[in-house]
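Dear colleague,

Please find the structure below, followed by a summary of what was found in it.

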Amino acid sequence: MPKALPWIYLLLAVLGGILPWQANIEFIQSSSTGGFDLAGFISDANLTAASRSLSRDLLVAASAFTIWIVVEGRRLDVKGWQFTLLACVTISFACGGPLFLYLRERRLNELALNADTKSNP
């Protein structure tokens with residue numbers, strides 16, 4: 001495994017936290033309610049065929065990836081996998097998804113290191 005891969009995932013997690021929230025802040029500032037208008041957000045996300053396509057694509061992909069996070073996080077005993085689900089909901093899927101991949105890569109590297117240590121005492 002390339003040593004840079006976990007850091008690429010971590011960079012994507014940071015970008016996935018910043019970039020969507022820039023748009024969220026813009027949405028909040030343009031909202032007539034003065035806060036995050038969930039109904040308005042959903043309405044805007046379904047305004048055009050292109051936005052519906054992106055919203056539905058994200059919904060299906062995020063649902064599948066969420067199931068995989070739970071299964072893989074438990075299978076590999078990835079520390080902190082539950083927090084990635086929280087990040088998906090509170091920050092963005094674009095943050096939580098890559099964050100899980102970062103934690104998973106760290107765990108896989110740890111398991112590989114432990115296997116090498118046991119086979120080469």
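Glu105 is buried, with 6% relative accessibility (buried means under 20% relative accessible area, exposed over 50%, partly exposed in between, with a 1.4 Å probe and protein chains only). This is a predicted model, in which local features need pLDDT of at least 70 and side-chain atom pairs count only at pLDDT 80 or more, whereas totals for chains, interfaces and linings use all residues. Residues are numbered from 1 along each chain as its sequence is written, and side-chain values use heavy atoms, with hydrogens and water left out.

Glu105 forms a salt bridge with Arg104, their closest N and O atoms being 3.8 Å apart (a salt bridge is a side-chain nitrogen of Lys or Arg within 4 Å of a carboxyl oxygen of Asp or Glu). Arg104 is also buried, at 18%.

Arg75 and Glu72 form a salt bridge of 2.8 Å, N to O. Arg75 is exposed, with a relative accessibility of 56%, while Glu72 is buried at 5%.

A further salt bridge joins Glu110 to Arg107, with the closest N and O atoms 2.4 Å apart. Glu110 is partly exposed, with a relative accessible area of 32%, and Arg107 is buried at 17%. The count comes to four salt bridges.

Kind regards
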